[in-house]
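Here is a short note for a colleague opening this structure for the first time. Please keep the view at hand while reading.

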Amino acid sequence: MLRSRKLFLAFLLTLLTLVGCVPGTTVPRGWSGGAIADGTLFIGSTDGKIVAVNASDGRRIWDAPLETTAAPSGGFGCAAPPVSVAIYGSPAVSANLVYIGGYNGKFYAFAQGKLRWVYPRDRTFVDSTGKVAPVVGGAVVAQEKVFFGATNGIVYALDATTGDKVWEFPSDGGNVGKIWSTPVVDGDTLYIGSFDKKLYALDVAT
């Protein structure tokens, strides 16, 4: 009887250990669109990479991961594998730079498969609750700036070369006005829609 109890307890401990090693959260995979420049197609992959493909023959030219983040520990000392950054928005291309936003709340610029810069430099976007504000929509480049919206309801304008912030515009809805859309620029005006059921027209310069 005692032997049976010991075997049962050992079985339970093994089962708990195995369960503890399985990540408990679903990893977002993304659904990126593409952009074409000079015969090269740029697209975000489901494993968190920006991929450059020859548009004529489909040959992969280069790929680069946005970055990887540590997955939550499985418990019992289990080391969880790194989690790739999900990419939902379409990239933008200009002057040999490829721009893409990540679901981790960061925005990236790549050149020939190498990371040129990332914004913000020191932390991820956060909303008023202190949570990370992912970038879901795509980006657009105009007048030496790159523009995109985040789920904290803010439209960002960055210097396209350096990644420094030029300006930001908060939608009226705040966090309720999450922005998943991709902006479009016509002349000196940027247009973008928001979850607050409004369409905004912003001055590109200011």
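Predicted model: local features only at pLDDT ≥ 70, side-chain atom pairs only at ≥ 80, totals over all residues.

The points below go from the whole chain to single residues.

1. The mean pLDDT of the protein chain is 84. A value of 70 or more is reached by 76% of the residues. Take care with residues 11-24, where the pLDDT is below 50. Beyond near neighbours in sequence, that stretch has nine contacts in the model.

2. Overall make-up. The protein chain holds one helix and 17 strands. It has 206 residues, and 42% of them count as buried. Take the contacts with a separation of 6 or more: residues 24 or more positions apart account for 42% of these. The accessible surface is about 11,400 Å². Carbon and sulfur atoms own 58% of that surface.

3. The core. In soluble globular proteins, nonpolar side chains tend to be buried together. Here the largest nonpolar core has 19 residues. Tyr99, Phe107, Trp117 and Phe148 have the most contacts inside it. At least two core residues come from each of these strands: S8 (97-101), S9 (107-111), S10 (114-119), S12 (145-149) and S13 (154-159).

4. Phe148 in detail. What does Phe148 touch, leaving aside neighbours within four places in sequence? Its contacts include the aromatic residues Phe107, Phe125 and Tyr156. Val135, Ala139, Ile154, Val155 and Leu158 are also among them. Gly138 and Pro183 complete the list.

5. Lys106. This residue sits in the loop between S8 and S9. Lys106 and Tyr119 are 13 residues apart in sequence, yet their C-alpha atoms are 5.8 Å apart in space. Tyr119 is also one of the contacts of Lys106, with neighbours within four places set aside. Others among them are Glu67, Ile100, Val118, Phe125 and Val135.

6. A search of the whole structure finds seven salt bridges. One of them joins Lys49 to Asp63, with the closest N and O atoms 3.8 Å apart. Lys49 lies in strand S3 (residues 49-54) and Asp63 in strand S4 (residues 60-65), so the pair ties together parts 14 residues apart in sequence. Lys49 is partly exposed, at 25% relative accessible area. Asp63 is partly exposed too, at 30%. Lys49, Arg60 and Asp63 are linked in a network of salt bridges.

7. Two further pairs. Arg121 forms a salt bridge with Asp164, and the closest N and O atoms are 2.8 Å apart. This pair links distant parts of the chain, 43 residues apart. Arg121 is in the loop between S10 and strand S11 (140-142), and Asp164 is in the loop between S13 and strand S14 (165-170). Both are partly exposed: Arg121 has 46% relative accessibility, and Asp164 has 41%. Arg59 pairs with Asp57, with the closest N and O atoms 4.0 Å apart. Arg59 is partly exposed at 47%, whereas Asp57 is exposed at 53%.

8. A nonpolar patch on the surface. Val184, Tyr191 and Leu199 make a patch of about 300 Å². Leu199 belongs to strand S17 (residues 199-203). Is Leu199 buried or exposed? Leu199 is exposed, because its relative accessible area is 66%, and exposed means over 50%.

9. The segment after S17. Ala205 is located here. Its relative accessible area is 45%, so Ala205 counts as partly exposed. Ala205 touches Lys145 and Trp167, not counting residues up to four places away in sequence. Ala157 is 48 residues from Ala205 in sequence, and the C-alpha atoms are 8.9 Å apart.

Methods
Residues numbered from 1 in each chain as written. Heavy atoms only, no water. Core = buried A, V, L, I, M, F, W, Y, C linked by side-chain atoms within 4.5 Å. Buried < 20%, exposed > 50% of the residue type's maximum accessible area, 1.4 Å probe, protein only. Helix = DSSP H or I, 4+ residues; strand = E, 2+ residues; numbered from the N terminus. Contact = heavy atoms within 4.5 Å. pLDDT = per-residue confidence, 0-100. Patch = residues over 30% accessible without salt bridge, like charges linked within 9 Å, V, L, I, M, F, W, Y side chains within 5 Å. Areas by Shrake-Rupley, 256 points an atom, 1.4 Å probe, with all protein chains shown as cover. Salt bridge = Lys/Arg side-chain N within 4 Å of Asp/Glu carboxyl O.
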